[in-house]
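Please read them with the coordinates open.

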Amino acid sequence: MGKDILKGRVTRYSIPFFDRGPHLRYDTQDDLDRFFSTLRTTRSWIVGSVALSVVSVLSEPPARSNLNVLSPYGQLHEWQDFLVGMCGFVVVSEAKCAGAYLNEGGKFITFQHEDRKSLRVTITTSARPQILQLFFAAPNTVQQVAIGSHHIVMPYPTMTSNQEGVCGWRPMDGAHPAVVVEGHDSYQTASPLPGAVVLHASTANWTRACGEACPAVERSARGLKGIGSCNWGGMDGVDAHRDANLLSLGRSRLYFRTGAFCLNEHCVFSGRYKGS
Ligand SMILES: [Zn+2]
């Protein structure tokens, strides 16, 4: 996809949260610009349903009503000033991160729009000064797609853009997942509705090789090899901005994979790490 198309999609899926109606279009664009500049100054990423819709290759995913943001420790007041002070949101719930996010997350705070009550923004704060560990703590791969102020980051590009994911080995204990991906309400693969997210518990019963999802293959983030990323241009048209999270990801010693070993007999990595 070209930059114009990507920017159009980023706009289309994020603008409903700041829409002030046809008579205040200028203010809407102002708030949208401010949202992306807050994303940049707080070094935060959009994740969840909105990020998934932007990268989806399925035709026209529906508009989303949950906007999820991962933010570093200590940036919450800035988001609160913006959402409550300027955009008409109120805080509706606040909880400590649990489940897969237990060790990496601080808390998640959900804001609801005062007038358009179906619109929610959730800010998940990291327990650390940066968000990469929080991003990779996601309980499944469809939650590992992020939109930064200028970049898109997607470690599992083929699967994710097809709205397909594999659950990780981290616990999903039924606690409210901090990051909402709309379009699926269970972690089982059933026969999903058209356009819904398909989530596999593992790759063990696949009738094809695992490809990028193979749990036996540990991938390094160093140098951003194997991390799908591209520049969508940014809302303000300033092209050259470098994403702070992406830069530290490329320099990090972070390793990631979806599980411990591969049980898929169609995959060349099947049998690795079995200890035999
Ligand atoms: Zn495999």
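The points that follow concern a predicted model.

1. Overall confidence. The mean pLDDT of the chain is 84, and 87% of the residues reach at least 70.

2. The largest nonpolar core. This core holds 62 residues. The members that touch the most others are Trp45, Ile46, Ala51, Phe135, Ala146 and Ile147. Helix 3 (residues 48–55) supplies the largest share of the core, 5 residues.

3. Trp45. Setting aside residues up to four places away in sequence, Trp45 touches Leu70, Ile131, Phe135, Ala146, Ile147, Gly148 and Asn245. Among these, Phe135, Ala146 and Ile147 are also listed with Trp45 as core members that touch the most others.

4. Ile227. This residue sits in the loop that links strand 10 (219–220) to strand 11 (228–231). Is Ile227 buried or exposed? Ile227 counts as buried because 21 C-beta neighbours lie inside 10 Å, the cut-off being 20 or more.

5. Surroundings of Ile227. Outside the four places on either side in sequence, Ile227 is in contact with Val153, Pro155, Ala221 and Leu249. The C-alpha atoms of Ile227 and Met154 are 6.3 Å apart, although 73 residues separate the two in sequence.

How values were computed: Residues numbered from 1 in each chain as written. Predicted model: local features only at pLDDT ≥ 70, side-chain atom pairs only at ≥ 80, totals over all residues. Core = buried A, V, L, I, M, F, W, Y, C linked by C-beta atoms within 7 Å. Buried ≥ 20, exposed ≤ 12 C-beta atoms within 10 Å, placed from the backbone. Helix = DSSP H or I, 4+ residues; strand = E, 2+ residues; numbered from the N terminus. Contact = placed C-beta atoms within 7 Å. pLDDT = per-residue confidence, 0-100.
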